[in-house]
Amino acid sequence: IADRCGSDDMLLMPHYGRYYEFARGENVVPLEGVRRGVDYALLMTTVGGLWRYELGDVVRFTSIDPYRLRIVGRVRQYINAFGEELMECNAEEALLKACMMTGAVVEEYSVAPCFFEGAAGGYHLWAVEFASLPDDVESFAMALYAALREINSDYDAKRRSVMAAAVVKTVPRGTFHRWQALSSRRKVPRLLTDRTTIDDILSCAEGGWSYGGDKEIEKEET
């Protein structure tokens, strides 16, 4: 329930014929096993007959005593092509941090996994449209990468093994709107399961700029 004015978190009510469980990847914990600041998929069992029903929401606890949580995304809005479990809330938070560090304002974005041909692993491709360009686009990309690794431990682990550096492609303003008009799509998909849609979006761009790949790896190693 929303029991406090001016707050976007909610008080969990576990004593009304409901039993809650919280999943993170393959690990499922009861209410007493949750931690603050960790993202979980919400499961619910009720006296009315639901059994470990997945509501589809991703929640994050802001308090343990009492239990307060915030809905931060949906289970289907994620990329897990390489075991990185990147949620939309992770992408949004990383973009916000990169914007704050570089003075940018992001208008639209989409992310898709790209697989290496004939080899294991791959990377993420970001298409980003700015309402206000950052002071330095390269700095924005580096800030985005760093924030993703800080926010998501699974992403960081896979980035150290099977994932190569992400590639960020900027597109001119109006690119996503042009794609929506051509595809008759009302909503811009944020996290995609393959690169078909993001290639269509990039094909609507005129000009732009890209950064990523080996250049980031060289910078990290030095």
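Reader: How many salt bridges does the structure hold?

Author: This is a predicted model, and the count therefore rests on distances computed from its atoms, a salt bridge being a side-chain nitrogen of Lys or Arg within 4 Å of a carboxyl oxygen of Asp or Glu. Counted in this way, the salt bridges in the structure number 13.

Reader: Which residue forms a salt bridge with E150, and which helix is that residue in?

Author: The closest N and O atoms of the pair are 3.7 Å apart, and the partner of E150 is K97. The pair links distant parts of the chain, 53 residues apart, with E150 in helix α2 (residues 137–151). K97, for its part, lies in residues 88–102, which form helix α1.

Reader: Which strands stand at the edges of the sheet?

Author: The open sheet is formed by 6 strands with antiparallel pairing, in the order β1-β6-β5-β4-β2-β3. A strand at the edge has a single partner strand, so one side of it is left without a neighbour in the sheet, and this holds for β1 (10–11) and β3 (27–30).

Reader: Which residue in β6 stands opposite L11?

Author: Strand β6 covers residues 68–74 and runs antiparallel to β1, to which it is joined by 2 bridges. Opposite L11 stands a residue of β6, namely R68.

Reader: At roughly what angle do the axes of α4 and α5 cross?

Author: Helix α4 (residues 175–183) and helix α5 (residues 196–203) have axes that come within 8 Å. The crossing makes α4 roughly perpendicular to α5, and the angle is roughly 115°.

Methods: Residues numbered from 1 in each chain as written. Predicted model: local features only at pLDDT ≥ 70, side-chain atom pairs only at ≥ 80, totals over all residues. Heavy atoms only, no water. Pairing = 2+ DSSP bridges. Helix = DSSP H or I, 4+ residues; strand = E, 2+ residues; numbered from the N terminus. Axes fitted to C-alpha atoms, helices over the stretch in contact; angles between N-to-C directions. Parallel < 35°, antiparallel > 145°, perpendicular 65-115°, else oblique.
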